[in-house]
Each structure stands twice: as structure tokens, then as C-alpha cells.
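Please walk through the fold below, from its strand pairing to its core and its aromatic contacts.

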Amino acid sequence: MDLSISIFDSYSPADPAARRSDWGRRRIANPYLHQGRYRMLIDKLEALEDVLSSLPRDTDSYGLIHNDFHPYNFHIDKNELTVFDFDDSIYGWYALDIAIAAVHAVWWGSPKEDRQSKNNFAAHFLNEFLTGYSVYHVLSGYWIGQIPMFMDYRNICSYFWWLGDWNGDESELSELQQAAIAHAVTLISRGQCFEGCDFIL
């Protein structure tokens, strides 16, 4: 299968005004998320952002990335992969782009829901994914080792996508959403990362 991947580290837009933004901290303006158990979600986000903010941004590790690579944003036809929907593209770490693919793979591909199965699935997926990826771009062991942390970051970000405009009324959240929040708070209070992120590459 030809999984040709364009490496964007040297890409420069013809119009400088069209340049994509660099990765940055999320601004959580919703006041309902700054109180009660929701505050714990923000604390987790901010703690991970502190780590990300300190990471190097050299040309071997940081450049233009898709930033939303999952099965609904590519198709495969006759052994050729076509990626689309670049609306969320930013300048960020290549390890983050890989982590995003892994998070979505775990969400939709893990054969079982228990923590160990998800972690094992993530490790297997990434070993296969990185075998192909390294044909076109080689990440150092340091950056490969950061992928689980980037996955944890992607997981916590997902809560703020669907809670961004929330009006503070918990009855308007689905049972699935309420259960997901309760589970996240439990993990954070235990100092654990999300399922699928607790492994070493």
C-alpha cells in the first residue's frame, strides 16, 4: 500500500497572510467549566499545556500538520491513501499529529473497552503506523516517547469541543457525556492518563 506522506517542514505559503497558526494554549472562556468538577478538566488541560509549551520546535519535530487525522478524513482506493479536510491544520509537533491518529484508532478500533486492551491496542497500532511513517520521516526516540503524552492531551481536548458552548445545565448533557466526565474526573483525581495512553514505545 502506498501511504505517501507529504512532509511540511519546508512548506511556505505563497501568501504569507495565509500561514496557519502555531500551536497555542486553549482559552476556555465558558465560566461553567471553571467551577465544580469541571475545573479538574481544565487543570488537567493546563498541566499538559505547560509541558507542551516547554517542548522544542525544531524543523525535525515541528511543522505544518493535519491536526485531525482520523478515519473520516481519509479514504483508501486501490492502495492509495487520500487525506482531506485540512481545516484544522496548524504548525505543531509531528508527534502530536501521530498521536491524534492513534487516539482515534483507539476510540473506534480497540476490540475491547478495558484499560489494558486499549493500551495494548494503541501500542500495536503505533508500532505499525510508525513503520510506515518512518519511510518518509524519521522521528527521534525522544519524540516517539512523547506520543502517549500527546495522546493524553488529545483526549482531554475532546471534552472542550463538546462542552465549549455548554450552558451549565447538566440535564442537557447526555448520559454518555455525563458518564464520560465522571470517568475523566476519576482518572485525573488518581493521577492517571486516559485509556490507550498508558504504555511505553
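**From hairpin to core**

Strand E2 (residues 74–77) and strand E3 (residues 80–83) pair in the antiparallel sense over 4 bridges; two strands pair if DSSP finds at least two bridges between them. Aspartate 77 stands opposite glutamate 80 in E3. The hairpin of E2 and E3 has 2 residues between the strands, and lysine 78 takes a positive phi near 50 degrees there.

The model is predicted: local features need pLDDT of at least 70 and side-chain atom pairs count only at pLDDT 80 or more, while totals for chains, interfaces and linings use all residues. Residues are numbered from 1 along each chain as its sequence is written, and side-chain values use heavy atoms, with hydrogens and water left out.

The protein has 5 helices and 4 strands, where helices (H or I, at least four residues) and strands (E, at least two) are DSSP runs numbered from the N terminus. Along the sequence the pattern reads α-β-β-β-β-α-α-α-α. The radius of gyration, taken over C-alpha atoms, is compared with a globule rule of 2.2 Å times the number of residues to the power 0.38. For 201 residues a compact globule would have a value near 17 Å, and the protein's 18 Å agrees with this. Its C-alpha atoms fill a box of roughly 45 × 45 × 35 Å along the principal axes.

A nonpolar core is a set of buried Ala, Val, Leu, Ile, Met, Phe, Trp, Tyr and Cys residues joined through side-chain atoms within 4.5 Å. The largest such core has 55 residues, of which Leu41, Trp93, Phe150, Met151, Ile156 and Leu163 touch the most other members. Elements giving two or more residues to this core include helix H1 (38–53), strand E4 (90–93) and helix H4 (141–163). H4 supplies the largest share, 11 residues.

Leaving aside neighbours within four places in sequence, leucine 41 is in contact (heavy atoms within 4.5 Å) with Ile156, Tyr159, Phe160, Leu163, Ala184, Val185 and Ile188.

The whole structure holds 13 aromatic pairs; rings of Phe, Tyr and Trp (its six-membered ring) pair if their centres lie within 6.5 Å, with planes under 30 degrees apart counted as stacked, over 60 as edge-to-face and the rest as tilted. Ring pairs link Trp23, Tyr62, Trp93, Phe150 and Tyr153 into a cluster.

Technical notes: Buried < 20%, exposed > 50% of the residue type's maximum accessible area, 1.4 Å probe, protein only.
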